[in-house]
There are 2 protein chains.
Amino acid sequence: MRRYGQMIDLRPDALDEYDRLHAAVWPEVLATIARCNISNYTIFRLGATLFAYFEYSGTDFGHDMARMAADPKTQAWWRLTEPLQIPRPDRVAGEWWSRMTEVFHTD
Amino acid sequence: MRRYGQMIDLRPDALDEYDRLHAAVWPEVLATIARCNISNYTIFRLGATLFAYFEYSGTDFGHDMARMAADPKTQAWWRLTEPLQIPRPDRVAGEWWSRMTEVFHTD
């Protein structure tokens, strides 16, 4: 299992809409997350900053992310959420959220 | 169990020192974390921004945090790490890291 931490910013006028959407994420989107070997997935917000934490138990993260991106219901979800977000300049080219580096862990 | 997400900033000149310290956190500090009912604790860094994720399984978080703060070895550890950090204006009065709000979770 590998832990992922990711950051992205929100449009300052979109905080309530982001919270509202994420209080009731579509079941098909949740099912795709699980099918792509992601679990214990939490998103936190502080002002207009989002932090996502999840655990990945697959063997090919890039492949699983491509599978997720190919899911039509997930695409529809992202059409709602991406306009609320402001990707950061420190993200990897071709990715949306910025990857963070794990500097400490204790079980 | 309750999940916590926290943010704090680092001094831009302290990134390497922070990473170095956290690659070998003292065993007594880790033992105190566990004794205070905190598990699955990960710290991520992106540039000078830190994000901490952990799971709390106790029944009185304030009391457990007071127990942690009373531990001499933890106090000595914080004397090394706090000068590297820049607490944010959006933290709760009397706390060091800023608390984030959980807006989404899926198991």
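## Reading the interface of chain A and chain B

Trainee: In this predicted model, how many salt bridges are found across the interface of chain A and chain B?

Mentor: Across that interface the rule finds 0 salt bridges, although the model is a predicted one, and side-chain atom pairs count only at pLDDT 80 or more. Polar contacts are another matter, for 18 residue pairs are found in polar contact between chain A and chain B, both residues being at pLDDT 80 or more.

Trainee: Which elements of chain A give two or more residues to the side that touches chain B?

Mentor: Among them are helix 1 (15–22) and helix 2 (27–35), together with several strands, including strand 1 (2–10), strand 2 (38–46) and strand 6 (101–106) of chain A. Strand 2 of chain A gives the most, with 8 residues, and the residues on this side of chain A divide into 16 nonpolar, 10 polar and 9 charged.

Trainee: How should I read the area buried between chain A and chain B?

Mentor: The size of an interface is often given as the accessible area lost when the parts come together. Here the area buried between chain A and chain B is about 3000 Å², and carbon and sulfur atoms give 67% of this area. Of the area that chain A buries against chain B, Phe44(A), Leu46(A) and Phe104(A) supply 25%, which is more than any other three residues.

Trainee: In what sense do strand 6 of chain A and strand 2 of chain B pair?

Mentor: Strand 6 of chain A pairs with strand 2 (residues 38–46) of chain B in the antiparallel sense, over 5 bridges, and Phe104(A) has Ile43(B) as its bridge partner in that strand of chain B.

Key
Residues are numbered from 1 along each chain as its sequence is written. Chains are lettered from A and ligands numbered from 1 in the order in which they are written. This is a predicted model: local features need pLDDT of at least 70, side-chain atom pairs count only at pLDDT 80 or more; totals for chains, interfaces and linings use all residues. Side-chain values use heavy atoms; hydrogens and water are left out. Buried area is the accessible area (1.4 Å probe) that two parts lose on being put together, summed over both. A salt bridge is a side-chain nitrogen of Lys or Arg within 4 Å of a carboxyl oxygen of Asp or Glu. A polar contact is a pair of N or O atoms within 3.5 Å; within protein, one must be able to donate a hydrogen and the other to accept it, and residues adjacent in sequence count only if both atoms are side-chain atoms. Helices (H or I, at least four residues) and strands (E, at least two) are DSSP runs, numbered from the N terminus. Ala, Val, Leu, Ile, Met, Phe, Trp, Tyr, Cys and Pro count as nonpolar, Asp, Glu, Lys and Arg as charged, and the others, Gly among them, as polar. Two strands pair if DSSP finds at least two bridges between them.
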